[in-house]
Amino acid sequence: MTEPVTMQVVAATTALRREPQSDAPLDTEALHGERVTVFEEREGWVRARLESDGYEGFLASQDLRPARAEAPTHRVAALRSFVFPGPNIKLPPLTALPFGARIVAREIRGDFLRIDEGFLWARHLADAATIEPDVVGIAERFLGVPYLWGGKTALGIDCSGLVQLSLAAAGRKAPRDSGPQERALGMPLAEGAPLRRGDLAFWRGHVGLMRDADTLLHANGHAMAVTSEPFAEARTRIVAAGAGDVTSVRRV
């Protein structure tokens, strides 16, 4: 391949890995409908850059196809939504698309919306231009979801993936990792300033959202899940574990 090619994710999700092999570390996931720039292909893998956040790595080539000219009409607003072969919830589903997946509607059939891959329950979808302003409310839907390094879905998610997905649904682009998020998002609060819902609390290599002045919501390896807990308790535990204190709190 001599020139970069724009392609699109057709799997429900696809893993972006550090090396072109299935057991290489997972850095992030690309969601259905996401566009990627492909630079080269080698033995079933492509080296690519995600259009959404610029992340680069290796994707399975079978999960991609040439990008459509059409812009997405809708996104999945439920944590997961089954794709059925016909407009009937009793049919065996073909796959399930994750929150944030982008799709192109072909027609409405009763309570269903037809896409190229099958039929989705229409009330699980939102117009592609819809903005949900409550970032924390979006993140709260993921409470109890297992922690997965590099994950970005309700099957598994990490701290910065939770923040990135939630901000995206609220119409805000964000970097993928917590370090770049801390540098790019919002304005820093002075030490000891009152906190409020929606503030982002950062540690070295970690981020969480404040549900209110005293409560932190975050995907974390301590519980191996998305949890809600007193901010002061989380702060004390993280310091005791040797990961350091809060590096900043930022208001988005």
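Is Asn220 buried or exposed? Asn220 has a relative accessibility of 4%, so this residue counts as buried (buried is under 20% relative accessible area, exposed over 50%, partly exposed in between, using a 1.4 Å probe and protein chains only).

Before you click on, some ground rules. This is a predicted model, where local features need pLDDT of at least 70, side-chain atom pairs count only at pLDDT 80 or more, and totals for chains, interfaces and linings use all residues. Numbering runs from 1 along each chain as its sequence is written, and side-chain values use heavy atoms, with hydrogens and water left out.

**Stop 1: Asn220**

Keep Asn220 selected; it belongs to strand 21 (residues 215-220). Strands here are DSSP runs of E with at least two residues, helices are runs of H or I with at least four residues, and both are numbered from the N terminus. Now show the neighbours: leaving aside residues up to four places away in sequence, Asn220 touches Tyr147, His206, Ala225, Thr227 and Arg237 (a contact means heavy atoms within 4.5 Å).

Next, look for polar contacts (N or O atoms within 3.5 Å; within protein, one must be able to donate a hydrogen and the other to accept it, and residues adjacent in sequence count only if both atoms are side-chain atoms). A polar atom of the Asn220 side chain sits 3.1 Å from the backbone oxygen of His218. The Asn220 side chain also reaches the backbone nitrogen of His222, at 3.4 Å.

**Stop 2: the sheet around it**

Zoom out and colour the open sheet of 6 strands, in the order 18-23-19-20-21-22 with antiparallel pairing (two strands pair if DSSP finds at least two bridges between them). At the edges you'll find strand 18 (187-188) and strand 22 (225-230); each has a single partner strand, so one side of each lacks a neighbour in the sheet. Further in, strand 19 and strand 20 (residues 206-210) pair over 4 bridges in the antiparallel sense. Pick Phe202 and you'll see its bridge partner in strand 20, Val207.

**Stop 3: helix 4**

Which residues of helix 4 are buried? Select Phe231, Ala234 and Ile238. These three cover an arc of only 65° around the axis, which puts them on the same side of helix 4 (the arc is that of the directions from the helix axis to the C-beta atoms). They pack against strand 19, strand 20, strand 21 and strand 22. Just after helix 4, Gly242 has a positive phi of about 90°.

**Stop 4: aromatic rings**

Rings of Phe, Tyr and Trp (its six-membered ring) pair if their centres lie within 6.5 Å; planes under 30 degrees apart are stacked, over 60 edge-to-face and the rest tilted. That rule gives 5 aromatic pairs. Show Trp203 and Phe231: their ring centres are 6.1 Å apart with planes at 55°, so the pair is tilted. Trp203 is in strand 19 (residues 200-203) and Phe231 in helix 4 (residues 231-240), so the pair ties together parts 28 residues apart in sequence. Finish on Phe82, Phe84, Phe112 and Trp121, which ring pairs link into a cluster.
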